Amino acid sequence: LALAGFFLASTQYTYKAALFVPMLVVAFVGSEIVADRGFLRQNWRGLIFCAFVAVLFFAPLGLYFAAHPDQFLERPSTVAVASSGASTLVDNALKVAGMFFWRGDDNPRSNLPGRPLLDPFLAIGFIAGLVTCVAQIRKRESRFLLLWLIVMALPSVLTDFAPHFGRDIGAVPVIPLIVAYGLNAIIDRVKLRWQLLTAYGLLFTGLAFSAYSTIDAYFNVWGTRTGLFDSFDVGILTLAQKLHGQ
């Protein structure tokens with residue numbers, strides 16, 4: 001719990017999307033208090049200790065931002081679309097939902113422009129994982145996975161240029177967990193030995209397909225795009241080096 005508090009505070013020293021990590025923790029603890037009457041009685045000391053450690057390690061940054069709130073809010077306020085109306089938020093939510101299967105981030109810095117986050121094989125596991133989480137919502141891990149996905153996708157939903165893979169970085173770890181959760185649920189339903197061997201054969205074939213398609217997209221397609229010169233500001237860097245030389 002001390003380490004959990006330390007790493008919770010440490011996230012706040014990284015990317016602005018980490019502002020949603022404490023929201024995820026509060027949402028999860030709140031859901032467990034509602035779902036499990038004994039949760040708070042069993043864990044209140046540990047939760048207080050975790051929160052104390054988190055506040056302690058966040059204090060230097062927190063005190064600085066208390067004195068300079070404009071620096072804390074400048075970037076979030078410039079990219080937020082909340083003032084644009086409900087229609088923009090709904091449109092962003094649909095785009096973020098579609099990034100898994102239909103169209104991903106268009107920014108070459110984060111993605112092969114437009115490539116969906118999941119290939120067809122992983123998409124099957126992801127859908128199976130979501131269905132399993134909903135069907136087993138009484139299990140703590142199912143609630144946690146769903147909350148993690150929803151809360152850490154909000155930075156992209158609430159800002160411009162959705163879907164934005166960079167702002168969804170907090171959701172990156174939970175996506176393969178949900179895929180694995182779904183594939184494991186599918187295999188668990190197989191009872192006969194020959195069916196199990198077939199299922200594992202399809203599993204490894206699918207993983208090999210995913211690995212190959214990703215490697216090909218990264219090295220052979222994305223890596224050879226001439227647009228990367230502009231996307232990574234190579235021209236600006238070259239100009240700065242020439243100015244520095246003079």
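Let me start with a term: buried means under 20% relative accessible area, exposed means over 50%, and partly exposed lies in between, with a 1.4 Å probe and protein chains only. By that rule K95 is partly exposed, at 37% relative accessible area.

Now the ground rules. This is a predicted model, where local features need pLDDT of at least 70, side-chain atom pairs count only at pLDDT 80 or more, and totals for chains, interfaces and linings use all residues. Residues are numbered from 1 along each chain as its sequence is written, and side-chain values use heavy atoms, with hydrogens and water left out.

On to salt bridges (a side-chain nitrogen of Lys or Arg within 4 Å of a carboxyl oxygen of Asp or Glu). The whole structure has seven.

K95 is in one of them. Its partner is D91, at 3.3 Å, N to O. D91 is partly exposed too, at 34%. Both sit in helix 5, residues 86–98, four residues apart, so about one helical turn separates them. Helices here are DSSP runs of H or I, at least four residues, numbered from the N terminus.

Next, a network. Salt bridges with shared partners join E32, D36, R140 and R143.

Take E32. It is buried, at 0% relative accessible area. R143 reaches E32 at 2.7 Å between the closest N and O atoms. R143 lies in helix 7 and E32 in helix 2, so this pair ties together parts 111 residues apart in sequence. R143 is buried as well, at 13%.

R140 also bridges to E32, at 2.8 Å, N to O. R140 is partly exposed, at 35%.

Methods
Helix = DSSP H or I, 4+ residues; strand = E, 2+ residues; numbered from the N terminus.
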